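Me: I would like to go through some labels one at a time. For each, give the value, the cut-off and the conclusion.

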Amino acid sequence: MTFCRWLSKKTGKKYHLPTEAEWEYACRAGTTTAYSFGDDPKKLGDFGWFEDTADSETNPVGKKKPNAWGLYDMSGNVREWVYDFYSPTAYKEAATKSLTVNPKGPKTGELHVARGGDYSCSVDELRSAARTFEQEWWRSGDPQIPKSIWWLPEMDFIGFRVACSIETGSKK
């Protein structure tokens with residue numbers, strides 16, 4: 001979020017970490033299938049880096065096919081932080097409210113959600129709807145006590161993608 005604030009100040013545009021709903025909307029690219037390209041996991045090798053294609057490491061972005069909206073590496077390569085805190089009941093709770101566009105997760109929490117899977121994931125973990133949350137071991141290399149919320153230098157499987165807000169009525 002600090003990077004998003006810096007980028008917003010630098011460019012004059014408003015950037016933010018996407019919510020889970022925004023991330024999934026972008027990943028699906030207008031589809032309702034398991035993956036942005038359909039339901040056949042055998043096609044995943046054309047679109048993402050995962051346990052069968054990545055050779056246990058990250059790969060340069062843009063080497064696989066993009067989804068229908070031109071977004072690369074939405075499935076695999078690195079997991080991506082989203083704005084929302086993790087709640088196992090977040091989607092169930094959102095469903096009980098009136099129809100919500102871009103539902104938000106809990107306002108506070110201890111664990112953030114990561115979406116998209118990474119280079120070591122199975123095909124099931126790369127579905128558009130798949131989600132995970134920060135694991136305690138991700139910070140195991142942090143020498144500080146207490147552990148820092150910023151310490152993830154040894155975790156090459158986690159990153160982030162930014163979203164740019166567009167003003168209502170904007171033609172940009």
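Me: What makes Arg79 count as buried or exposed?

Reply: Arg79 has a relative accessibility of 12%. Buried means under 20% relative accessible area, exposed means over 50%, and partly exposed is in between, with a 1.4 Å probe and protein chains only. Arg79 therefore counts as buried. This is a predicted model, in which local features need pLDDT of at least 70 and side-chain atom pairs count only at pLDDT 80 or more, while totals for chains, interfaces and linings use all residues. Residues are numbered from 1 along each chain as its sequence is written, and side-chain values use heavy atoms, with hydrogens and water left out.

Me: Why is the pair Glu125 and Arg79 called a salt bridge?

Reply: The closest N and O atoms of Glu125 and Arg79 are 3.9 Å apart. A salt bridge is a side-chain nitrogen of Lys or Arg within 4 Å of a carboxyl oxygen of Asp or Glu, so the pair qualifies. Glu125 sits in the loop between β3 (112–115) and β4 (131–133) and Arg79 in strand β2 (residues 79–85), so this pair ties together parts 46 residues apart in sequence. Helices (H or I, at least four residues) and strands (E, at least two) are DSSP runs, numbered from the N terminus. By the salt-bridge rule the count comes to seven.

Me: What makes Glu125 partly exposed?

Reply: The relative accessibility of Glu125 is 36%, so partly exposed is the label that applies.

Me: How do you know that Arg161 and Glu80 form a salt bridge?

Reply: Their closest N and O atoms are 2.8 Å apart. Arg161 lies in the loop between β5 (158–160) and β6 (163–164) and Glu80 in strand β2, so the pair ties together parts that are 81 residues apart in sequence. Arg161, at a relative accessible area of 22%, is partly exposed, whereas Glu80, at 5%, is buried.

Me: What do the buried residues of α2 pack against?

Reply: They pack against β2, α4 (90–96), β3 and β4, where contact means heavy atoms within 4.5 Å. Among the buried residues of α2 are Trp23, Ala26 and Cys27. Just after α2, Ala29 takes a positive phi of about 50°.

Me: Why is Arg115 called buried?

Reply: Arg115, in strand β3, has a relative accessibility of 0%, so the label is buried. A polar contact of 2.8 Å joins its side chain to that of Glu24. Such a contact is a pair of N or O atoms within 3.5 Å; within protein, one must be able to donate a hydrogen and the other to accept it, and residues adjacent in sequence count only if both atoms are side-chain atoms. A polar side-chain atom of Arg115 also lies 2.8 Å from the backbone oxygen of Ser128.
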